[in-house]
Number of protein chains: 4
Amino acid sequence: MDFEPSEKVKALEAKLKAFMSEVVIPNEKVYQAQLEAGESRWQIPPIMEEMKEQAKAAGLWNLFLPNERYGAGLTNLEYAPLAEIMGGSPIAPEVFNCNAPDTGNMEVLAEYGNEEQQQMWLLPLLDGSIRSCFSMTEPEVASSDATNIQASIVRDGDEYIINGRKWWSSGAGDPRCKIAIVMGKTDPTAARHEQQSMILVPLDTPGVKIERVLNVFGYDHAPHGHAEISYNNVRVPAKNILWGEGKGFAIAQGRLGPGRIHHCMRSIGMAERALELMVDRVSNRVAFGKRLADQGVIREWIADSRIEIEQARLLTLKAADMMDKVGNKAARKEIAMIKVVAPNVALRVIDRAIQAFGGAGVSDDFPLAAAWANIRTLRLADGPDEVHRDSIARMELKAAAKKEQ
Amino acid sequence: MDFEPSEKVKALEAKLKAFMSEVVIPNEKVYQAQLEAGESRWQIPPIMEEMKEQAKAAGLWNLFLPNERYGAGLTNLEYAPLAEIMGGSPIAPEVFNCNAPDTGNMEVLAEYGNEEQQQMWLLPLLDGSIRSCFSMTEPEVASSDATNIQASIVRDGDEYIINGRKWWSSGAGDPRCKIAIVMGKTDPTAARHEQQSMILVPLDTPGVKIERVLNVFGYDHAPHGHAEISYNNVRVPAKNILWGEGKGFAIAQGRLGPGRIHHCMRSIGMAERALELMVDRVSNRVAFGKRLADQGVIREWIADSRIEIEQARLLTLKAADMMDKVGNKAARKEIAMIKVVAPNVALRVIDRAIQAFGGAGVSDDFPLAAAWANIRTLRLADGPDEVHRDSIARMELKAAAKKEQ
Amino acid sequence: MDFEPSEKVKALEAKLKAFMSEVVIPNEKVYQAQLEAGESRWQIPPIMEEMKEQAKAAGLWNLFLPNERYGAGLTNLEYAPLAEIMGGSPIAPEVFNCNAPDTGNMEVLAEYGNEEQQQMWLLPLLDGSIRSCFSMTEPEVASSDATNIQASIVRDGDEYIINGRKWWSSGAGDPRCKIAIVMGKTDPTAARHEQQSMILVPLDTPGVKIERVLNVFGYDHAPHGHAEISYNNVRVPAKNILWGEGKGFAIAQGRLGPGRIHHCMRSIGMAERALELMVDRVSNRVAFGKRLADQGVIREWIADSRIEIEQARLLTLKAADMMDKVGNKAARKEIAMIKVVAPNVALRVIDRAIQAFGGAGVSDDFPLAAAWANIRTLRLADGPDEVHRDSIARMELKAAAKKEQ
Amino acid sequence: MDFEPSEKVKALEAKLKAFMSEVVIPNEKVYQAQLEAGESRWQIPPIMEEMKEQAKAAGLWNLFLPNERYGAGLTNLEYAPLAEIMGGSPIAPEVFNCNAPDTGNMEVLAEYGNEEQQQMWLLPLLDGSIRSCFSMTEPEVASSDATNIQASIVRDGDEYIINGRKWWSSGAGDPRCKIAIVMGKTDPTAARHEQQSMILVPLDTPGVKIERVLNVFGYDHAPHGHAEISYNNVRVPAKNILWGEGKGFAIAQGRLGPGRIHHCMRSIGMAERALELMVDRVSNRVAFGKRLADQGVIREWIADSRIEIEQARLLTLKAADMMDKVGNKAARKEIAMIKVVAPNVALRVIDRAIQAFGGAGVSDDFPLAAAWANIRTLRLADGPDEVHRDSIARMELKAAAKKEQ
């Protein structure tokens, strides 16, 4: 448990912070303006591609990928403070090619894809020239239970035929989004966790239809977009299967570990920004003859926010460190813990900041309301809090039972 | 403290409930579809005017107005269960001409307007043919402190000249919105609470400019709209002043009592609907082989929601009853209490329901996310929670000090 | 739902308040001093019997008993504000012969006892000359599930033989305690809720042994005392059975309704006293140059305390009113709700007061620490919060299911 | 931030854990029994001195003292996991000569005492042959503000005369307690933080009178005891002053850093024990046909407890590490944070365990109720939560203001 960042990481931190304050933060409003000025909201604001080029040139690119052949080769612990910094702006992760769900998809391809799949899809994703989506969750069933999944992937000669309906396929609204990783059942009669498979489905395959894009608390999250997609007799080559039939659940488990912790790191970064905004606001706003910082409960909010952020960060570092040292499976209790803690902490801190900002807080003049809505989904995505708490408790009970014997 | 509804109220309750389930709830999706199909989002879905006619015909019209000459003549206590029922749907209050801020504005006109002002503006508002907005809050200052207000209202011969910038002038996005009640200072040198005045400003007066419409957690709340409005040398006839110069603060105090409690009643109604939706969902959704209702903490959520709603409703009834019996001023502690309680209860209940719904909960497939965003503003509107808590505590401290003497 | 007290109740309230401030509160320290000066802590401080005489003379006696033949004949709603007043002092309930568990036991005897049982045990209890205990909970099993009960009551000719071990038989430490109502199984093979019976056991019967007295957070609650009692082949006449074999569960259910709500009323009374003490303390104590009432979060504590107490009181009144109008069974959701709410509210209010008092708060210089410890047991007694929340949720789910059909 | 324990620490951990489970935990009941069997509660149960000898022999002695001349020479970070282990039993800290307030007093003597003072008082304290108390808090004033202190220390020739009244002089009930460190004002006209001095007062000096021992939630904490002590014209040699006149506040600041964090470490240890007890209980207790661990919210309690403990521990380690590396002053934000977090976490975990234990939880059959009461005082001792939160917020505001410039 040595959380002290190496010199390499400190250098990256410094560079990234400078890039954030000089390039990303000032361009947040440019990005919004370009988005609103476009013919539709489903086009990419040009400033994004400009910033991506700058980030690439600065060596701040694909930092998330531990794989040394394809990515920066950083450990989870090394990446943690960097992801936190990126989390401070909603547009930052993409600037550095570190945004969900592409990161998770790239990891899957790097880890479980074969050479051909990597050439075809991983390289352009790493390059930032295409985007991807992940089609797992289904509207009709409680998808936190993987055995509930109803989409089917049926072998037919040299092809697989895919049928099903998915939603929360985030990123599919993006015109650059070319490929989906789809989870479905190849064998509903197999063992509980060997029924599912994952397969690569190009979005222009006949039978793939984006039915609509879902709002999140009124936000359309354009141009990214959370799509509901129907797959009707979609045929793809058999070689598109990932790893092999029946490996879907195993891949999902492998994918979710890093994905979850990245979300946590970014949530903490946004909590930090919210706290910073709040501290600034209450230092300068006056009511009833005193600045807000000198009234009632405001200082308690600041203290509690600092306390909660600090603890969440330490727990994230511990989970990251364990993932590095003992692997995602042995670290699953720590991952579950931080998966519960980080979004809840961020939501509380942001909510306090909103309250301190008054009407401005719920509007889009500040990034608070949007951040709140965005992070609220993380209490549900990749399993609701309740499922993770339940896992933690079961591990505790099991460990105690074992000890007693 | 007799909360038992009279026969008259029971009959209205029954009629209203039937109207909600037969007309309003089924038309929620029609309303949305028409809104989205319109050329712009700032047009009125035709179904709204249809429902208004039906409600008028059914005698479910202007129930909010205690004034017997112009309205239904119900007491606050009588109106409470009716407002709660209306609160169950975001589109319902307007159907019954009981929506903010028009209700508050109508009360101001009925109470403090002169005959000419009433003929000109109150009658068409009561009829539902025009809409209105309330221009008090300003972007540059903490407006919970009324002395912070910067807009000026200056007498010039037979006219007043208005200058200032307001935001959260809700309803100004509506094409039917014709009139604003504007708060500003006529005499910044007067006593603390006699500096402010209110004046009627037709929205088509030169110099009135709707700068933009504010989002609330990503929702534009079209076609209603929360406007930022600039008033640049706006000239209106001197007779447009309400009650008289220096009466602005007094009117605001009078206006806010009923306005606050109406919001509370409706919040409770929405909490009830969220609980109903949650109970329905968890009774029918299955994960890990059991319906959600039989898992972990779900039943605790249901119980806590019921407990909190029940208490909030009783406190609302008490506050309403006191307003009727001892007046808004003597009831201000109870009003402050329920102003804090009701939105917070509703937010907790809705948030639990969102969590129980999973991804669907944060989307617009159910009214939960929109309701949450909407009610979140009520912790700020008409004074943030913290200001009300502070008032309650000061009243307690003062009462104790008095007793001791 | 008419909570307005009648003239009769108002008169009792006034008299009771005067008695509390003139007699009971000033004698709290006398009571403690006499208790500590006694040879053992299991003697009755003489001031108690003196105050009882005064209360009897003042007509403030047995107010709890709705039965008109034996008691004051007040409804639950009428008794509520009176019980709340008594709750303000730990020694008050006994002064007015309204203390647990004697009240519950007297109700059982008045309701289910036969004439002989009433003559023998009810009359001296009503008179305050003896005390009683209630022996239901067992140390070895989770007693919130009545079918877990292991004590046996076996018929043997004209007698019953009782065997078992009970604890939390509160009041058995009192030298005046003469009689126990014991719950046990007469027929373990009968239907789930007809296995249990209740029987009257004089404490001087051979085989009855008080094993020890339990502490509650370090308090021995002398001279009342929470006893662990063993019953070893205890023989009592067959006529001592209450109502009949197999009626134990039914009696327990009947007994617990009023018992629970009395505890709630008193908890609210103690919360009021804690708030009063806190308001007084923070108005007079100075740190860092300002009185505590003008610092940080203190006023938020006062406001939240007032808000929570007010709501808890209203819910208690509603539950009491329903018990009176539709009976304990139909009111069981409301009883369960207030059973959860009242102790938790009181604990929060008292805990805030303790915090405001600093070191003095955890000591016995003020009644706060003792009150906290005492009320903490109410989250467990008569079923833990969790069991009651579960019942509430099941009732909600059932009602919704019924509606849907 | 390298939290990995060294080999030396790991070895101590292992030895200490073994000693706890083999010696201390099994003797908890022996200690209680001996205490109750004694003539008075203010005698030392012989088992304590026996265990102390064993601990000394095992090299588990004075581990708290960073000073290498007198103590184990461990850093705060090294001592943290050891103190946590000791925290698991209320009697453990004394067994290892690591109990408050002696640890703090020994640190003061080692750090600020002169050679003579060390010979006279530090050596027997290190040896465990005498005990000490710390007389700072006063009943009449809010002592979290050091300038409020009223006790006087007046120079008179070769002596100082001490007058004042102190309470919460913990440990003074112990017959082995020989020496008090008393805080008072030598110069009320000096600068705010130079008015106070500390002086050594042997408890047998004429004029020192233990007025009474304070209860904590009903516990007398015998034979330790929290004393109220009056100092009436108490004369001690002038050489008894610590460091020098006017240094009292500085010593207090220095003393409180380690003292606070030791309390935190131990609180976490007790939280761990409570969680362990709860997990064991719910795994084995059955109600309504299922073990408690499989019902309702119990698993949520376990998960939340684990999550909160884990975070509190990490924050404690960070604070300890900073104290070691940058000093107590630079680490004061982290010390304040953990001072707020650790007791609150422990109280929540213990309260959940109490609830899971039912009636047994509030009794003294398990260490839960006593631990709760004990740790509840830590939200007040060495400054209430509110004062620490306020400091944290002020540091945040100041840092932000500095950054902006």
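Helices (H or I, at least four residues) and strands (E, at least two) are taken here as DSSP runs, numbered from the N terminus. With these terms in hand, the reader may follow this predicted model from the annotated spans of chain A to the relation between its copies.

Residues 7–128 of chain A carry the annotation "domain: Acyl-CoA dehydrogenase/oxidase N-terminal", which comes from an unreviewed UniProt entry. This span is 67% helix and 0% strand, and its end C-alpha atoms lie 28 Å apart.

A pair of helices in chain A may be considered next. Two packed helices are described by the angle between their axes and the distance between the axes. For helix α3 (residues 76–86) of chain A and helix α8 (residues 298–330) of chain A, the axes come within 8 Å and cross at roughly 145°. From α3(A), the residues A:Asn76, A:Leu77 and A:Ala80 take part in the contact; they meet A:Thr316, A:Leu317, A:Ala320, A:Asp321, A:Met323 and A:Asp324 in α8(A). Sorted by class, this contact of α3(A) with α8(A) comprises five nonpolar, two polar and two charged residues.

The final topic is the arrangement of chains. Chain D is superposed on chain B by a rotation of 180° with 0.0 Å of shift along its axis, at an RMSD of 0.0 Å. That is the relation of a two-fold axis. Of the interface residues of chain D, 100% are also interface residues in chain B, so the copies meet through the same surface.

Conventions
Residues are numbered from 1 along each chain as its sequence is written. Chains are lettered from A and ligands numbered from 1 in the order in which they are written. This is a predicted model: local features need pLDDT of at least 70, side-chain atom pairs count only at pLDDT 80 or more; totals for chains, interfaces and linings use all residues. Copies are superposed by least squares on the C-alpha atoms of residues with pLDDT of at least 70 in both. Two residues are in contact if their C-beta atoms, placed from the backbone, lie within 7 Å. UniProt positions are given in the numbering used here, feature names are shortened, and annotations may be inferred rather than shown by experiment. Axes are lines fitted to C-alpha atoms, for helices over the stretch in contact, and angles run from 0 to 180 degrees between N-to-C directions. Ala, Val, Leu, Ile, Met, Phe, Trp, Tyr, Cys and Pro count as nonpolar, Asp, Glu, Lys and Arg as charged, and the others, Gly among them, as polar.
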